[in-house]
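User: Could you take a close look at one part of this model for me, and then walk me through the charged pairs around it and elsewhere? I would enjoy one connected account.

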Amino acid sequence: MILALETSCDDTCAAVLTPDGEVRSNVISSQGIHDRYGGVVPEVASRHHLELIDAAVDDALARADTTLDDVTLVAVTRGPGLVGALLVGLSHAKGLAAARELPLAPVDHLHGHVAAGALADDAPEPPFLCLIASGGHTLLVRVDSAREVSVLGRTLDDAAGEAFDKGARTLGLPYPGGPALERLAREGDPGAFAFPIAERVGALDFSFAGLKTSLLYKVRDLGEDAARERATDLAASYQHAIVEALARRCERALAQTGLRALTLGGGVAANGPLRARVESLDAHVAIPARELCTDNAAMIGAAARAVDPLAFPSYLGLDAYPSGGSHWPPA
Ligand code: KG4
Ligand code: ZN
């Protein structure tokens, strides 16, 4: 069995997979504390990981009806993410592996989001395109095999999830903003306001900073009362602009590469309107279940299958890496 840990942000996650990639358990312990601060407080996240990680691993093993005796590989997120949060998972994984002299597979978080696509029903065979849209990253990648991933486009400023979170905050919604904004938008008209959809002819890059500013100005121009009255329309129109920006790049990338299959990953891929819009594209579209889109350890276990594991004790000095966005994928 593969035991996988993921602690790159504010969810404490553990999962058990069989060696051929079948998910036996996928435990996600949301810390549920950061909303009062309007965002993730790194130091608070690290402390909560410390408190929750043992229970998450125990739960993952129990739900998979297995024990540490059956574990043959420990997989863990090495980066990118909050470095203190990553270190809790990495140290814990090293401890679990070293105690039994097991090998350890260090996994890149974004490779994890790509690998989640392989856990979708009717996952395509490579080559295919994958859109990763999370709180920290927005990337359009080409997947030629589990080990060969190349970046075709990336965000030039904010990530799509950041656009959701910041827009939600402007509308007075709690953190995390994505799910809250999606809920509010359900009652609204996506055509009520025209928000900018950044378009650069031929390009596959993204930009969301202008959109965020445009919402800020719109709310200011309407005034507090009118903005509150029109909150559902504002949310629906703003969400529509993000969904269109993402879906149109996918469409363009399919046309430019001639590829016929597409998967989605990252927290924003949990968004209902985005899922529906992308499913309507003329391609084989496979989207993992929502709990495999947002941060989870099952995707880390899935990605570990394409990583050369490090033998005991060579991994004991391994460090986490906090960033990776503009240099991704790592060498
Ligand atoms: O992949 P993820 O769980 O963590 C990171 O690696 O960042 O992504 C979190 C991001 C947050 O910005 C959150 O607001 C967004 O994904 N998100 C959503 C939805 N669920 C999570 N955005 C839009 N609609 C959702 N339903
Ligand atoms: Zn993520």
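Analyst: Leu274 is found in helix H9 (helices here are DSSP runs of H or I with at least four residues, strands are runs of E with at least two, and both are numbered from the N terminus). This is a predicted model, in which local features need pLDDT of at least 70 and side-chain atom pairs count only at pLDDT 80 or more, while totals for chains, interfaces and linings use all residues. Residues are numbered from 1 along each chain as its sequence is written, chains are lettered from A and ligands numbered from 1 in the order in which they are written, and side-chain values use heavy atoms, with hydrogens and water left out.

With a relative accessible area of 1%, Leu274 is buried (buried means under 20% relative accessible area, exposed over 50%, and partly exposed in between, using a 1.4 Å probe and protein chains only). Leaving aside residues up to four places away in sequence, Leu274 touches Val243, Leu246, Leu264, Val268 and Ala269, where contact means heavy atoms within 4.5 Å. His240 is 34 residues away from Leu274 in sequence, and their C-alpha atoms are 8.6 Å apart in space.

Glu244 is buried, at 8% relative accessible area. Elsewhere, salt bridges with shared partners link Asp158, Glu162, Lys166 and Lys212 into one network.

Now for pairs with exposed partners. Arg228 and Glu224 form a salt bridge whose closest N and O atoms are 3.4 Å apart. Both residues belong to helix H7 (residues 224-229) and are four residues apart, about one turn of the helix. Arg228 is exposed at 55% relative accessibility, and Glu224 is exposed at 65%. Asp221 and Arg220 make a salt bridge too, at 3.9 Å from N to O. Asp221 has 59% relative accessibility, so it counts as exposed, and Arg220 is likewise exposed, with a relative accessible area of 59%.

In general, side chains of opposite charge can pair when their charged atoms come close. The structure holds 16 salt bridges.

Conventions:
Salt bridge = Lys/Arg side-chain N within 4 Å of Asp/Glu carboxyl O.
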